[in-house]
Amino acid sequence: EVQRSVTDSLAVREQPQESWLTALQEAESFKEQGNAYYAKKDYNEAYNYYTKAIDACPNNASYYGNRAATLMMLGKFREALGDAQQSVRLDDTFVRGHVREGKCHLSLGNAMAASRCFQRVLELDRTNPQAQQELKNASAVLEYERIAEIDFEKRDFRKVVFCMDRALEFAPACHRFKILKAECLALLGRYPEAQSVASDILRMDSTNADALYVRGLCLYYEDCIEKAVQFFIQALRMAPDHEKACLACRNAKALKAKKEDGNKAFKEGNYKLAYELYTEALGIDPNNIKTNAKLYCNRGTVNSKLRKLEDAIDDCTKAIKLDDTYIKAYLRRAQCYMDTEQYEDAVRDYEKVYQTEKTKEHKQFLKNAQVELKKSKRKDYYKILGVNKNASEDEIKKAYRKRALMHHPDRHSGASAEIQKEEEKKFKEVGEAFTILSDPKKKARYDSGQDLEEDGMNMADFDANNIFKAFFGGPGGFSFEGK
């Protein structure tokens with residue numbers, strides 16, 4: 001530092017000459033010791049000796065400037081700002097004092113005030129390279145702030161995070177920039193990062209309403225609504241006019257109440273009311289992705305109870321779109337796919353579930369769906385005969401008699417070649433169906449989805465006429481005339 005003259009340093013002190021000369025010498029000694037510790041990067045000791053120098057000689061601008069530099073190295077920019085401002089109050093031509101004040105303002109995120117400081121430096125020293133560079137840095141921060149404000153309104157939160165990261169390179173101690181970044185991280189679903197930023201600020205300032213709000217916001221979006229409300233209330237205690245905390249608190253309470261009312265109605269079997277309540281809850285806050293995913297899944301469960309299976313599938317799909325890790329929504333949708341015989345879709349969902357959670361239960365769900373898919377791709381012999389899966393032996397025989405006579409080639413001998421071919425195919429399928437469903441062993445294998453070929457049944461070589469003759473007897477046992 002440029003040493004201030006004895007006259008400048010002690011002009012306001014009314015002491016005997018010998019006394020203030022001694023004080024000045026003592027102060028200079030403390031300053032030199034402070035400089036030595038500063039050079040060794042022992043900033044705490046440097047701070048102590050600069051403080052002693054100030055106590056001995058409180059009107060010396062350079063002592064405050066040196067202590068400001070030390071506090072800056074310790075990351076205590078707000079305290080450093082006070083010292084830097086005091087140094088230039090004592091001497092408005094103290095260039096380093098203005099530079100340090102500007103750097104403190106910039107580090108704390110006040111780029112406008114920083115710019116004024118650096119402009120004052122350039123008035124004193126037109127070619128000062130540090131001031132020229134820092135002035136550009138301050139302008140860059142102002143531009144990042146401007147862009148971030150526009151992008152926040154556009155809900156382009158990724159760009160806001162980018163701008164704040166760039167601004168924080170020049171303003172590392174700015175809580176305002178950190179909070180905006182944390183809020184955007186929360187809105188992007190990057191909750192651990194957002195919580196980390198907010199928690200760092202709360203460690204330094206436990207009463208910071210913005211940080212409390214962001215902590216609450218993270219919990220709120222992670223569906224920990226009760227804990228979130230506690231943080232919002234705490235933020236409002238610190239800042240009663242905090243609009244964002246007020247709105248979030250109101251939404252959180254409303255969402256919690258509607259969801260609980262919907263759950264209660266569902267448990268009581270009042271599915272229509274539960275549907276209405278879940279729908280109302282979904283309209284409260286479209287940004288709460290996790291809670292809304294659960295609400296869509298809950299409403300899907302209601303729709304499945306009401307046998308509105310396609311609506312249930314649609315709700316589960318919306319839940320998965322919001323949270324693609326939501327196992328319950330996949331399971332609910334898969335069951336609805338099973339109920340609507342959309343087996344390929346069911347298998348896909350169960351595969352996703354089993355890949356995520358390899359439990360015995362999930363493995364069995366997948367296996368069942370795969371069996372049903374395999375069965376669905378075979379001929380449906382029950383459908384061919386027109387009977388249900390619980391049909392008795394007599395019902396199967398009656399159904400065969402009716403269908404075999406209906407599709408027998410002799411009945412359609414006068415029809416076109418195309419119709420004859422189609423009826424012959426159906427006649428053969430009716431014989432196949434009867435052969436399988438009238439044999440308890442084959443029927444059991446067919447119902448379980450096993451391959452019938454293992455029983456030696458080759459349907460490609462099957463002769464339906466042999467079954468027909470065995471059932472009705474030889475020639476003369478039946479006649480199509482007059483029918």
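## A tour from Glu-341 to the cores

The model is a predicted one, in which local features need pLDDT of at least 70 and side-chain atom pairs count only at pLDDT 80 or more, whereas totals for chains, interfaces and linings use all residues. Residues are numbered from 1 along each chain as its sequence is written, and side-chain values use heavy atoms, leaving out hydrogens and water.

Glu-341 has a positive phi, near 60°, although it is a residue other than glycine; most residues other than glycine have a negative phi. Its place is the loop between α18 (327-339) and α19 (343-356), where helices are DSSP runs of H or I with at least four residues, strands are runs of E with at least two, and numbering starts at the N terminus.

Select these two helices next: α18 and α19 pack at an angle of about 155°, with axes 8 Å apart, the axes being lines fitted to C-alpha atoms over the stretch in contact and the angles running from 0 to 180 degrees between N-to-C directions. They are therefore roughly antiparallel to each other, a term for angles over 145 degrees. The contact (heavy atoms within 4.5 Å) includes Tyr-330, Leu-331 and Tyr-337 of α18 and Tyr-343, Tyr-350 and Val-353 of α19.

Now move to Asp-223, in the loop between α12 and α13 (225-238). Asp-223 also has a positive phi, of about 70°, without being a glycine, but this residue is buried, with a relative accessible area of 16%.

From there, turn to the largest nonpolar core, which has 72 residues; such a core is a set of buried Ala, Val, Leu, Ile, Met, Phe, Trp, Tyr and Cys residues joined through side-chain atoms within 4.5 Å. Helix α12 (residues 209-221) gives the most to this core, with nine residues. Val-214 is among the residues with the most contacts inside the core, and, not counting residues up to four places away in sequence, Val-214 touches Ile-179, Ala-182, Glu-183, Ala-194 and Ala-198. Apart from this core lies another, of 19 residues, including Leu-385, Ile-396, Ala-404 and Leu-437.

Finally, select residues 380-450, where UniProt, in an unreviewed entry, places the feature "domain: J". This span is 69% helix and 0% strand, and its end C-alpha atoms lie 14 Å apart. UniProt positions follow the numbering used here, feature names are shortened, and annotations may be inferred rather than shown by experiment.

Note on methods
Buried < 20%, exposed > 50% of the residue type's maximum accessible area, 1.4 Å probe, protein only. Parallel < 35°, antiparallel > 145°, perpendicular 65-115°, else oblique.
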